[in-house]
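Morning, everyone. I'd like to take a few minutes on aromatic contacts. Here is the model.

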Amino acid sequence: MSAEVTIIVPVYNIEHYLAETLDSILAQTYTNWVCLLVNDGSTDESQRVIDCYCSQDKRFKGFFKRNERSADLVRKYAIQYVETEWVMPIDGDDVIVPEYIERMVQRQIETGADLVMSRFVGCVNGINGVDYMTPDQFFDMSQVLEGRQVCIDNIGGWTSSLNGALYRKSLTEGVLFGPYMNSDEFSQRLIEYNANKVAFCDVRYLYRSNDGTSTKVSVRMFDRTLVDMQLEQFVCDYFPERDDKVKALAWQRLFNLIYLTADYKIHRNEFTSEEREKALMILRQSYFALNRRVIRTVAPVQTLMLTHSFLLFSLIATAYVRYKRSHGGKYFYR
């Protein structure tokens, strides 16, 4: 019998989408799987949906944990209950095509890879229509790479995702799963780094982009700058020879910081006093930790915003962002 796969599904207030996700798992042509549904303290009817599917099919296993506002920590929680060699994380509002797991497992058997990654497709209008795709259509999905190479190529360059990836549970040993909204940006790189061989499978994982699940302005957004700092330190520690990646991350950090600082100024009245204090502390910490020497080489114009005063920087950044947006400029946090 082919290897059993444990699917990990974090669930938080997605009652309207969860059934579609679980139906796509039930529809798989590959049947040797178990699915851990981890309710991360939902306040809607998500638990009712979980209970329904657990009673319908014994391969679904339900868990409940207190909310820590991090899907990364949900995966960390779930790993302790994984009894199989192979793991596949799937978000609770995304969809996989019927042959998805079968093709991913077959690709692993063909290549002997520790990690298999698919096409991550950002959809519009629910799961219809392609907004973007990573890797893109020009990427050679037939190749097999070293995990270390995939890790560094995936920093400050092409961006893939471990959502829907198939990997050995052992790759998570020693990985720091973090408390931030986008901590998976860091933990994913560690899992890639731990893999000896990484293969790719040309099958689509459908990521839902819609108003119901998109990231809204919240104090958690500002944690992104802390993860940016983690990534930059990771590259300095493990890839000191890759000056190009250090520069790419410096550019990423600066632009994320500019737009996050502006969003703080623009939306600050929407936060509680405690949230404002936390956000401001994070932004100031990130600002004064910037590597200005490197930034001058990658963003000489924007470097002019950097002064000895964070207050002055925040005023300039807000004016800059307002101008860009008023002239049709779009920015997506890296």
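I'll go through ring pairs, then a cluster, then charges over rings.

First, the ground rules. This is a predicted model, where local features need pLDDT of at least 70, side-chain atom pairs count only at pLDDT 80 or more, and totals for chains, interfaces and linings use all residues. Residues are numbered from 1 along each chain as its sequence is written, and side-chain values use heavy atoms, with hydrogens and water left out.

The whole structure holds 23 aromatic pairs. A pair means Phe, Tyr or Trp rings (for Trp, the six-membered one) with centres within 6.5 Å; planes under 30 degrees apart are stacked, over 60 edge-to-face, the rest tilted.

Take F120 and Y132. Their centres are 6.5 Å apart and their planes at 35°, so this pair is tilted. F120 sits in strand β6 (residues 115-124) and Y132 in strand β7 (residues 128-134), so the pair ties together parts 12 residues apart in sequence. Strands are DSSP runs of E, at least two residues; helices are H or I, at least four; both are numbered from the N terminus. F120 is buried, at 8% relative accessible area. Y132 is partly exposed, at 35%. Buried is under 20%, exposed over 50%, partly exposed in between, with a 1.4 Å probe and protein chains only.

Both rings also belong to one cluster: Y100, F120, Y132, Y205 and Y207.

Next, Y193 and F234. That pair is edge-to-face, 6.0 Å between centres, 80° between planes. Y193 is in helix α6 (residues 184-194) and F234 in helix α7 (residues 224-238), so parts 41 residues apart in sequence are tied together. F234 is buried, at 4%.

Last, charges. R59's charged end sits over the ring of W33, 3.9 Å from its centre. "Over" means NZ of Lys or CZ of Arg within 6 Å of the ring centre and within 35 degrees of the ring normal.
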